[in-house]
Amino acid sequence: MNTRLLKKYIAVPLIIALVLAAVPARSDVLAKTKYTLRINGTNVGIKLYQNKTAKAFKKKLPLGVSMTKLNGNEIYHYVDFTLPTNAKKVKKIKKGDIMLYGNDCIVIFYKSFSTPYSYTKIGRVKNTKRLGKCVKGSSVKVKFGKK
């Protein structure tokens, strides 16, 4: 094999590997491991993202809290620990988003809407059909767990 072809076969894969290594990991990719969310006695499956915030959150599971309704579209709870953040203006909240506000406020959205606020993504509710019906009363009992 001549040296020109040899350089071609070595250089191209090396360049591709270097480019891929330089590309930052996406924080909006959902992990394959499944987790559970129990809202007022109803189980719904969730998936958590592959980011530092979700990884730190997983270490706190199982986690049971009483969440408060706000604005007719979300429930939230300030936890007694902090999580790493990577807050971004999301512009559009989707029903089923599980986010972190600040570094210690877990938020579950049960309606879709536009927002100017910044959040860090934690995960998503897989099946959002029953989500709105689960959120009854001013205080909502929620338990995050491992499947």
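This is a predicted model: local features need pLDDT of at least 70, side-chain atom pairs count only at pLDDT 80 or more; totals for chains, interfaces and linings use all residues.
Residues are numbered from 1 along each chain as its sequence is written, and side-chain values use heavy atoms, with hydrogens and water left out.

**Entry 1. Overall layout.** I listed the secondary structure as DSSP runs numbered from the N terminus, helices being H or I of at least four residues and strands E of at least two. The protein chain has three helices and 11 strands. Along the sequence, their order is α-β-β-α-β-β-β-β-β-β-β-β-α-β. I then looked up burial (buried is under 20% relative accessible area, exposed over 50%, partly exposed in between, with a 1.4 Å probe and protein chains only). Of the 147 residues of the protein chain, 33% count as buried. For contacts I took heavy atoms within 4.5 Å. Among contacts in the protein chain with a separation of 6 or more, 62% come from residues 24 or more positions apart.

**Entry 2. Strand E4 and its partners.** I counted two strands as paired if DSSP finds at least two bridges between them. Strand E3 (residues 63-70) and strand E4 (residues 74-78) run antiparallel and are joined by three bridges. The two form a hairpin with three residues between them, and Asn71 in the turn has a positive phi of about 60°. I next followed E4 to strand E8 (residues 105-109), where five bridges join the antiparallel pair. Here Ile75 stands opposite Ile108 in E8.

**Entry 3. The salt bridge.** I applied the rule of a side-chain nitrogen of Lys or Arg within 4 Å of a carboxyl oxygen of Asp or Glu. The count comes to one salt bridge. Asp97 forms a salt bridge with Arg124, and the closest N and O atoms are 2.6 Å apart. The pair links distant parts of the chain, with Asp97 in strand E7 (residues 97-101) and Arg124 in strand E10 (residues 118-125), 27 residues apart. Asp97 is buried, at a relative accessible area of 7%.

**Entry 4. Helix H2.** I looked up Thr53, which lies in helix H2 (residues 52-58). Is Thr53 buried or exposed? Thr53 is buried, its relative accessible area being 2%. A polar atom of its side chain lies 2.6 Å from the backbone oxygen of Pro84. Setting aside neighbours within four places in sequence, I found Thr53 in contact with Leu83, Pro84, Thr85, Leu100, Thr120, Lys121 and Ile122. Ala56 is also found in helix H2. Not counting residues up to four places away in sequence, Ala56 touches Leu83 and Pro84. Ala56 and Ile122 are 66 residues apart in sequence, and their C-alpha atoms are 9.7 Å apart in space.

**Entry 5. The second largest pocket.** I took a pocket, on a 1 Å grid over the protein atoms alone, as an open set of points where a 1.4 Å probe fits, with protein on both sides within 12 Å along at least five of seven lines; lining residues have an atom within 4 Å of a point. The second largest pocket holds about 160 Å³ of space, a volume being the space filled by probe spheres set on grid points joined across faces, edges and corners. Its lining includes Leu70, Asn71, Glu74, Tyr76, Tyr78 and Tyr101. E4 and E8 each supply at least two residues of this lining. The largest share, three residues, comes from E4.

Terms used
A polar contact is a pair of N or O atoms within 3.5 Å; within protein, one must be able to donate a hydrogen and the other to accept it, and residues adjacent in sequence count only if both atoms are side-chain atoms.
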